Amino acid sequence: ALIDGNPNKIRLATLHYDAWQQFEHDPDSALAMLDEGMVLAEKMNELWWYAYYMYWRTEAFIFYISDLNQGLDNAVRTTVEVRKPAYERFPAKGRVYRVLLDAYVFRDPIGYEDKIRQTIHSMEHDIPLDMDTRCLLQARRSQMANILGDYDQAEVEAQMYLSMSQHSAFRLMHAYEILADLAYRRDNFEQAVEFANAMAEQSRL
């Protein structure tokens, strides 16, 4: 995009970075930038960029604007989009499915249990996943077992998540957070404190 000096290509490649800088303190402005990216990508017939900005709109709705209805709607539409043949090699396809999974889990994990299981199955068997997406998928498996009250299975899945997360202090912190919550729910307060301390230690790295 930077080689030929095309201003539209440059804008398309940098809008996400501009939006990312706004997520925490002005998510509505960030969303407007993502919308601009979608419009520009469609105008330029850049399908992968179009889906990329659709994906980030879902992230914005769920994690920064806290609009789970819009997040789920956008996640479903994005997933339908990336099922088209043009996206067979789309590198962010796994992340699209992961944020769809998040939308179901955070919106209504009991009501969407079947769809959650279907999405997990698709991710495990049909979609190429990068390492971070594999880790998050494992985290959601533990969280779903927790929600359904199967604490033994939730711990098994959480320990696997912990093992998979050795490459990332952030993921380790999240894994210890899940394990601390599970220990607390099982009235194992000493272990909960140990996991909480381990989480705090990772946060300082």
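# Report on a predicted helical model

At 58% relative accessibility, serine 66 counts as exposed, because the threshold for that class is over 50%. The model described here is predicted. Serine 66 is placed in the loop between helix 3 and helix 4. Its phi is near 60 degrees, a positive value in a residue other than glycine. Most residues other than glycine have a negative phi.

Aspartate 187 has a phi near 60 degrees as well, again a positive value in a residue other than glycine. The loop between helix 9 and helix 10 (189-203) holds aspartate 187. With a relative accessible area of 56%, aspartate 187 is exposed.

## Nonpolar cores

The largest nonpolar core has 40 residues, of which Leu34, Val82, Phe90, Leu101 and Ile116 touch the most other members. At least two residues of this core come from each of helix 1 (7-22), helix 2 (27-43), helix 3, helix 4 (68-82), helix 5 (93-107), helix 6 (113-125) and helix 7 (131-147). The most is given by helix 3, with nine residues.

Not counting residues up to four places away in sequence, leucine 34 touches Ala19, Phe23, Tyr53, Trp56, Arg57 and Ala60.

## Tryptophan 48

Helix 3, which spans residues 47-65, contains tryptophan 48. The relative accessibility of tryptophan 48 is 38%, so this residue counts as partly exposed. Leaving aside residues up to four places away in sequence, tryptophan 48 touches Ala86, Tyr87, Arg89, Phe90 and Pro91. One of these contacts, Phe90, is also among the core residues that touch the most other members. From tryptophan 48 to leucine 129 there are 81 residues in sequence, and the C-alpha to C-alpha separation in space is 17 Å.

## The largest pocket

The volume of the largest pocket is about 430 Å³. It is lined by 17 residues, and those closest to its centre are Glu59, Phe63, Leu136, Phe170 and Arg171. Helix 3, helix 5, helix 7 and helix 9 (169-185) each contribute at least two residues to the lining of the largest pocket. Sorted by class, this lining comprises eight nonpolar, one polar and eight charged residues.

Together with Arg98, Asp102 and Arg140, Glu59 is linked in a network of salt bridges. Arginine 140 touches Leu101, Asp102, Phe106 and His174, when residues up to four places away in sequence are not counted. Leu101 is also one of the residues of the largest nonpolar core that touch the most other members.

## Salt bridges

The count of salt bridges in the model comes to 17.

| Pair | Closest N and O atoms |
|---|---|
| Arginine 77 and aspartate 73 | 3.3 Å |
| Glutamate 157 and arginine 141 | 3.5 Å |
| Aspartate 181 and arginine 185 | 2.8 Å |

Glutamate 157 lies in helix 8 (residues 151-164) and arginine 141 in helix 7, so this pair ties together parts that are 16 residues apart in sequence. With 7% relative accessibility, glutamate 157 counts as buried, whereas arginine 141 is partly exposed, with a relative accessible area of 27%.

The pair of arginine 77 and aspartate 73 sits within helix 4, where the two residues are four apart, about one turn of the helix. Arginine 77 is partly exposed, its relative accessible area being 39%. Aspartate 73 is also partly exposed, with a value of 38%.

Aspartate 181 and arginine 185 both belong to helix 9 and are likewise four residues apart, about one turn of the helix. Aspartate 181 has a relative accessible area of 30% and is partly exposed. Arginine 185 counts as partly exposed at 43% relative accessibility.

Technical notes:
Residues numbered from 1 in each chain as written. Predicted model: local features only at pLDDT ≥ 70, side-chain atom pairs only at ≥ 80, totals over all residues. Heavy atoms only, no water. Buried < 20%, exposed > 50% of the residue type's maximum accessible area, 1.4 Å probe, protein only. Contact = heavy atoms within 4.5 Å. Core = buried A, V, L, I, M, F, W, Y, C linked by side-chain atoms within 4.5 Å. 1 Å grid on protein atoms, 1.4 Å probe; cavity = no way out; pocket = protein on both sides within 12 Å on 5 of 7 lines; lining within 4 Å. Points joined across faces, edges and corners; volume = space filled by probe spheres on them. Nonpolar A, V, L, I, M, F, W, Y, C, P; charged D, E, K, R; others polar. Salt bridge = Lys/Arg side-chain N within 4 Å of Asp/Glu carboxyl O.
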